[in-house]
Amino acid sequence: MQHRLLVLGSMDEFVELVRTAQSRGIYVIACDGYPDGPAKPVADAAFTIDVRNTQAIADLCAREQVDGIITSFSDLLAECMANICAATGLPGYVLPEKMRYLREKPLMKSMFQELGIPSPRSVCVYRESLEQDLAQVGFPCVVKPANGYGSRGVYVLESAEQVRQRFNEIVSDSAFDYLVAEEYKRGFEINMMTWILDGQPVVLGLADREKTQDVPFAIPHVSRNAYPSRFAAQVFEPAREIVAKVAAFTGIDCGPMSMQFFYEPGRGVQVCEIAGRLFGYEHELVTYGSGLSIEELLVDWVYDRDALRARLQGHTPFYDRCSAVVYFHGHEGVVGSVDRARAVADLPGMEDALVFYRPGDEVSHGVGAKPYVARYYISAPDRDQLDALTRRLYQQVQVTDEQGKSLLYRNQMLDYQAALAKYGADLG
């Protein structure tokens, strides 16, 4: 009997997942609230239902005789999948009550404290006690919604008055009437993707998460994620031990878990956030660097756990080849030309070049807006060549408005040697 799989999500990162499942003879149903999701025309069937409407999607699963459900790449989708699995009895990664620890920032912080996991100081900030609450973390601080996603409503602010001015905007991206303030860390930021197998994390990849500060009060935007991390050897064991603690606490025996954390030489690891999913827009880099297919892994989890185990056997995050995703964010405005953004598509080392706007399109930051103007996937035999290609992209890629003015945020390479010198360390 043909398997019938519900893929929760239909944006561009789900297209390859749909095709991977179909290549195994699986009937694939794509579902989310986007009527024009790119994965929907590829799927065997598609439905437009808000992913937060648990009962409606549970009813769909019953009507369509769905025997498996899968998602990844988004905190909201992971949370909704947990709720739908509980409603339908289909296997899920984690129970809804435990998923809350991976979604709600205050609960996550309480989990870190209970497990002895180092993390930046944070506090819940209420409108009526704003100044007293903020005094516990000091300035500058990062303020964010209590259960937001996609970096919406996240700022680096330097005074209580700045927080007060943005309070309504920040809590509007949350289900709660308070925001979270966190001390601003300046160490090296690292992404780690793992797969929990028999309760123990297999580290899929470690990446340097590089940022550039270009817009006042906004958190520095992510300009590049590069695999493997320059600090993979230093952080591998302590970071893996932390994920193992969280997996045990949340009851995840087999499923994805990703962590963002800071590393400072001589001071170790401090955890920002942990999520019950894999990172979207960079999971492809695991394949470029190691050959491991994240899409195959996800489908294995639903239908072939023995294949999943075999696929992970011997996997290492210390890749022989380097890879990176380079992000270009944009100011609001009407696009005049993307010629210089498309011209780099044939450069040696370019794995994929994605330009999301055409002349006449409007770059917007509103709800439902495209998260990037352009995104490039590159690979190289070593980090020096990867960095050289990245610099070339930063110099050559351009998107302009109708008057010829640049719409792109500035991207800047991180000088690791200079940054390490502040700690009395070097790249050796």
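Modeller: A handy starting point: a disulfide is a pair of cysteine sulfur atoms within 2.5 Å. This is a predicted model, in which local features need pLDDT of at least 70 and side-chain atom pairs count only at pLDDT 80 or more, while totals for chains, interfaces and linings use all residues. Residues are numbered from 1 along each chain as its sequence is written, and side-chain values use heavy atoms, with hydrogens and water left out.

Colleague: Thanks! How many disulfides does a search of the whole structure find?

Modeller: For Cys61, the closest cysteine sulfur is that of Cys31, 7.9 Å away and too far for a bond. The sulfur of Cys80 also has its closest cysteine sulfur in Cys31, at 10 Å, again too far. The search of the whole structure ends with a disulfide count of 0.

Colleague: And is Cys61 buried or exposed?

Modeller: Buried means under 20% relative accessible area, exposed over 50%, and partly exposed in between (1.4 Å probe, protein chains only). The relative accessible area of Cys61 is 4%, so Cys61 is buried.

Colleague: On to the rings: how are Tyr288 and Tyr377 arranged as a pair?

Modeller: Rings of Phe, Tyr and Trp (its six-membered ring) pair if their centres lie within 6.5 Å; planes under 30 degrees apart count as stacked, over 60 as edge-to-face and the rest as tilted. By this rule there are 18 aromatic pairs. The centres of Tyr288 and Tyr377 are 6.2 Å apart and their planes stand at 65°, so the pair is edge-to-face.

Colleague: Which parts of the chain does that pair link?

Modeller: Helices (H or I, at least four residues) and strands (E, at least two) are DSSP runs, numbered from the N terminus. The two residues are 89 residues apart, so to speak in distant parts of the chain. Tyr288 is in helix H9 (residues 284-290) and Tyr377 is in strand E18 (residues 374-380).

Colleague: What sits over the ring of Phe249?

Modeller: A charge sits over a ring if NZ of Lys or CZ of Arg is within 6 Å of the ring centre and within 35 degrees of the ring normal. Elsewhere, Arg230 lies over the face of Tyr416, at 4.8 Å from the ring centre. For Phe249 the distance from the ring centre is 4.9 Å, and what sits there is the charged end of Lys98.

Colleague: Now the sheets. In what order do the strands of the open sheet of 4 strands run?

Modeller: Two strands pair if DSSP finds at least two bridges between them. E5 and strand E8 (residues 179-183) pair in the antiparallel sense over 4 bridges, and Ser122 stands opposite Glu182 in E8. The pairing in this sheet is antiparallel, and the order is E5-E8-E6-E7.

Colleague: Which strands does Helix H7 touch?

Modeller: Contact means heavy atoms within 4.5 Å. Axes are lines fitted to C-alpha atoms, for helices over the stretch in contact, and angles run from 0 to 180 degrees between N-to-C directions. Helix H7 (residues 160-171) packs on the sheet with its direction at about 165° to that of E7, and the strands touched are E5, E6, E7 and E8.

Colleague: Which strands stand at the edges of the other sheet?

Modeller: That open sheet has 8 strands in the order E13-E12-E9-E10-E11-E14-E18-E16, with antiparallel pairing. Each edge strand has a single partner strand, so one side of each is left without a neighbour in the sheet; the two are strand E13 (268-275) and strand E16 (350-355).

Colleague: Which residue in E18 stands opposite Val355?

Modeller: E16 and E18 run antiparallel and are joined by 5 bridges. Opposite Val355 stands, in E18, Ala374.

Colleague: Last one: what covers the buried residues of H1?

Modeller: Helix H1 (residues 15-22) has as its buried residues Val15, Leu17, Val18, Thr20 and Ala21. The cover includes strand E1 (4-8), strand E2 (27-32), strand E4 (68-70) and H10.
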